[in-house]
Amino acid sequence: MTVRTRAARAAASALIAGALLVGTAGCSFITPTATLNHYDPSDGIGAEVGDVKVRNVLAISNDDQSAVSLMVTVINTSSSSGSLRMQYESADGERIDISKPVSSNEVKHYGTTVDGDMIVIDDADIRAGQLFPIYFQFGNQSGEELLVPVISGDDPIYSDLAPASALQ
């Protein structure tokens, strides 16, 4: 009887251990891998317009929130040059275009340094905490509208890049 009890206990222990293993690790067999999901690992947002990658787009408002400066990195991986067109709606409802040239195989930064090229928008009537819709288009590629986060220039990380600081 002792042999049978030991065998039963061993079988029960193995069964419980197997059930515990499957119960705690079984989810990973059916859950999609999170590293395959696209996300923007920064404060801004990004998109791809054909062979042009628009990365870390962020709007930084000044103290009285009358203007924003855009922070954006543009990466052209194609062999053709062109213009990146950005379009937004002004406070009075008019569509405003901003065009920036981008050469082939070039990386351009706007609003990322105090002494660098800036894109300042002073007619959009947007406030910190809002999402600012901007349409990006390159060459004859279909464009994409991004809802760009607007943050306050009071943030110490971005305070030097706010329009009031950048224009003085």
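I take buried to mean under 20% relative accessible area, exposed over 50%, and partly exposed in between, with a 1.4 Å probe and protein chains only.

**Ground rules.** I am working from a predicted model, where local features need pLDDT of at least 70, side-chain atom pairs count only at pLDDT 80 or more, and totals for chains, interfaces and linings use all residues. Residues are numbered from 1 along each chain as its sequence is written, and side-chain values use heavy atoms, with hydrogens and water left out.

**Entry 1: the count.** I looked up salt bridges, each being a side-chain nitrogen of Lys or Arg within 4 Å of a carboxyl oxygen of Asp or Glu. By this rule I get 3 salt bridges.

**Entry 2: D125 and R127.** I found a salt bridge between the side chains of D125 and R127, at 3.5 Å from N to O. D125 counts as exposed, with 51% relative accessibility.

**Entry 3: D97 and R85.** Here the side chains meet in a salt bridge at 3.3 Å, N to O. D97 sits in strand β5 (residues 95-102) and R85 in strand β4 (residues 82-89), so this pair ties together parts that are 12 residues apart in sequence. For the labels, strands (E, at least two residues) are DSSP runs, numbered from the N terminus. I noted D97 as partly exposed, with a relative accessible area of 45%, and R85 as partly exposed at 28%.

**Entry 4: E48 and R55.** The closest N and O atoms of this salt bridge are 3.2 Å apart. E48 is partly exposed at 45% relative accessibility, and R55 is partly exposed at 25%.

Conventions. Helices (H or I, at least four residues) and strands (E, at least two) are DSSP runs, numbered from the N terminus.
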